[in-house]
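Subject: Handing over a structure

Hello,

Here is the structure I promised to pass on to you. Please have a look at it first, and then read on for what turned up.

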Amino acid sequence: MGKLSLGSLLTSCFIHKGINTHPQPRRSSATRVSDHGSPDQRLSCHDISSPEDLSLSSIGSNLYIFSLDELKKATRSFSLCNLIGEGGFGPVYKGFVDERIRPGVKAQAVAVKLLDLEGVQGQKEWMTEVIFLGQLRHPNLVKLIGYCYEKEHRLLVYEFMEKGSLENHLFKRLLGPLPWTTRLQIAVGAAKGLAFLHEAEKPVIYRDFKASNILLDKDFKTKLSDFGLAKDGPEGDASHVSTRVMGTEGYCAPEYIMTGHLTAKSDVYSFGVVLLELLTGQRSVDKTRPNREQNLVTWAKPFLKNPDKLNYIMDSSLDGQYSTLGAQRAAALAHKCLSHSQKSRPLMRTVVETLEPLLELDDIPMGTFVYNVMDDNGGENEDTDADANANANAKQNGVNNHDERHKSRFPNSSIHRATSLKRKDQRRNRRSE
Ligand SMILES: Nc1ncnc2c1ncn2[C@@H]1O[C@H](COP(=O)(O)OP(=O)(O)OP(=O)(O)O)[C@@H](O)[C@H]1O
Ligand SMILES: [Mg+2]
């Protein structure tokens with residue numbers, strides 16, 4: 001069957017006859033996932049080969065399997081005003097599910113991610129996401145509520161994260177510059193998410209740690225999203241997993257790029273990059289900066305171990321309102337995470353233990369720091385934040401083609417670079433990976 005574009009999907013949603021191929025909520029009492037931990041025997045990608053396998057497994061019974069028609073109702077027919085973001089997988093819409101859409105479902109705001117069938121990611125990433133997030137539960141991982149597969153269409157339904165991504169706040173400054181303490185809290189939450197993955201009974205390597213994959217709830221609590229590139233950690237005596245190099249330029253560990261050898265320490269390096277972004281307010285790669293400053297790590301790393309020079313690279317929008325000691329310790333930690341030698345990088349548990357006490361430091365100079373916090377009046381607030389995200393997206397989505405939009409937003413993403421060059425190869429290789 002030929003591929004359908006987003007437009008044809010919307011049309012097919014519109015003419016959908018309302019036949020729900022999965023009319024009953026597929027949630028059984030046999031749930032094996034605890035609320036804060038990994039399941040007893042987590043299934044791996046090689047245990048599941050099709051969406052049908054998925055729905056028959058314990059993963060399917062943990063999640064709602066929605067029909068396209070239900071998700072169309074939840075998102076006002078994937079209306080443009082519900083569009084809250086767009087990445088390599090496809091567009092993301094805000095929606096709302098309740099009893100009227102699916103009996104038994106908790107009434108809640110959701111984010112619905114729709115695979116762009118002409119885009120740069122595909123079925124494999126969709127399955128990987130469902131397999132990992134359908135089983136892993138932790139306060140610092142975004143909750144997958146359900147999924148949809150009908151014909152070639154693939155969708156994912158998540159809890160709605162009101163404040164969107166760290167990328168939007170740090171670089172697009174939707175609500176003004178992020179205060180120092182909020183930056184630290186975000187770093188601690190993200191570190192806890194990674195530590196959980198690395199220390200699970202069957203460890204997980206996240207592989208795509210970056211500012212746009214760190215989502216924030218209404219209180220700026222951090223949750224990691226996007227498990228489409230995640231991998232099971234090495235088994236037995238193996239020191240690493242061998243895999244094709246996937247991820248985003250500027251965040252990937254150098255040894256992983258050179259050898260394709262993936263370890264939990266690759267995630268630690270990426271964490272170091274995000275910590276550096278939080279300190280400096282600069283993107284990991286920015287082609288608009290002077291040549292020697294375009295790669296953030298190359299430019300800023302030498303300053304990290306020199307307390308006297310740290311203020312040269314600190315985000316000027318903080319206006320000096322940060323704990324000097326906290327910034328020095330965070331900078332020294334970022335330096336360790338960014339070590340060339342993986343052995344010198346700390347474990348994520350150590351990262352958490354180093355960062356958390358920095359929240360207690362009270363040497364932040366007082367000043368007039370303006371940060372716009374939306375007032376807390378229910379749905380209105382949610383809409384306002386979603387609108388802000390949608391507006392930011394609308395601004396940058398001047399072109400209609402999804403690939404073009406993604407390329408313009410993520411010029412360094414090796415996902416689309418690789419895909420545009422080697423799309424057929426990737427599909428061929430997917431099974432062998
Ligand atoms: N659960 C969610 N709640 C609220 N907003 C979300 C949610 N998931 C995604 N978004 C929004 O949609 C945007 C796009 O997310 P997506 O993960 O598809 O792409 P990305 O991370 O920006 O890019 P890439 O595909 O390169 O990883 C996010 O930056 C965020 O603003
Ligand atoms: Mg993402």
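Is Asp-319 buried or exposed? Asp-319 is exposed, with a relative accessible area of 56%; here buried means under 20% relative accessible area, exposed over 50%, and partly exposed in between (1.4 Å probe, protein chains only). Asp-319 sits in the loop between α11 and α12, and its phi is near 55°, a positive value in a residue other than glycine.

Before the rest, a word on how to read this. This is a predicted model, in which local features need pLDDT of at least 70, side-chain atom pairs count only at pLDDT 80 or more, and totals for chains, interfaces and linings use all residues. Residues are numbered from 1 along each chain as its sequence is written, chains are lettered from A and ligands numbered from 1 in the order in which they are written, and side-chain values use heavy atoms, with hydrogens and water left out.

**The overall picture**

The protein has 16 helices and 12 strands. Helices (H or I, at least four residues) and strands (E, at least two) are DSSP runs, numbered from the N terminus. Of the 433 residues, 59% are buried. Among contacts (heavy atoms within 4.5 Å) between residues at least 6 apart in sequence, 71% join residues at least 24 apart.

**The magnesium ion**

Ligand 2 is a magnesium ion, and its protein donors are Asn-213 (OD1) and Asp-226 (OD), lying 2.0 Å from it. Donors are N, O and S atoms within 2.8 Å of the metal (3.2 Å for Na, K and Ca); water is not among the atoms, so sites may look incomplete. Asn-213 belongs to the loop between β7 (204-205) and β8 (214-216), and Asp-226 to the loop between β9 (222-224) and β10 (231-232), so the pair ties together parts that are 13 residues apart in sequence. Both Asn-213 and Asp-226 are buried. The phi of Asp-226 is near 70°, again a positive value in a residue other than glycine.

**Helices packed on one another**

Two packed helices are described by the angle between their axes and the distance between the axes. Axes are lines fitted to C-alpha atoms, for helices over the stretch in contact, and angles run from 0 to 180 degrees between N-to-C directions.

Let me begin with α9 (residues 264-280) and α12 (residues 324-337), which pack at an angle of about 145° with their axes 8 Å apart. Val-268, Tyr-269, Phe-271, Gly-272, Leu-275 and Leu-279 of α9 make the contact with Ala-327, Ala-330, Ala-331, Leu-333, Ala-334 and Cys-337 of α12. By class, this contact of α9 with α12 has 11 nonpolar, one polar and no charged residues. For these classes, Ala, Val, Leu, Ile, Met, Phe, Trp, Tyr, Cys and Pro count as nonpolar, Asp, Glu, Lys and Arg as charged, and the others, Gly among them, as polar.

Helix α9 also packs with α7 (residues 180-199), at an angle of about 175° and with the axes 11 Å apart. The two are therefore roughly antiparallel to each other; angles under 35 degrees count as roughly parallel, over 145 as roughly antiparallel, 65 to 115 as roughly perpendicular and the rest as oblique. Among the residues that meet here are Trp-180, Arg-183 and His-198 in α7 and Asp-267 and Phe-271 in α9. The contact of α7 with α9 has 11 nonpolar, one polar and two charged residues.

On α12, there is also a contact with α13: the axes come within 10 Å and cross at roughly 170°. Helices α12 and α13 are therefore roughly antiparallel to each other. Ala-330, Leu-333 and Cys-337 in α12 meet Val-351, Thr-354 and Leu-355 in α13. That contact of α12 with α13 divides into five nonpolar, one polar and no charged residues.

How many of the nine residues of helix α10 (residues 296-304) are buried? Seven of them are, so α10 is largely enclosed by the rest of the structure. The buried residues of α10, including Trp-299 and Lys-301, pack against α9, α11 (310-313) and α12.

**Two more residues to look at**

Ser-270 is in helix α9 and, at 6% relative accessibility, counts as buried. Leaving aside residues up to four places away in sequence, Ser-270 touches Phe-209 and Tyr-251.

Met-366, in the loop between α13 (348-355) and α14 (379-396), is exposed, with a relative accessible area of 82%. Met-366 and Gly-320 are 46 residues apart in sequence and 9.5 Å apart in space, C-alpha to C-alpha.

Best wishes
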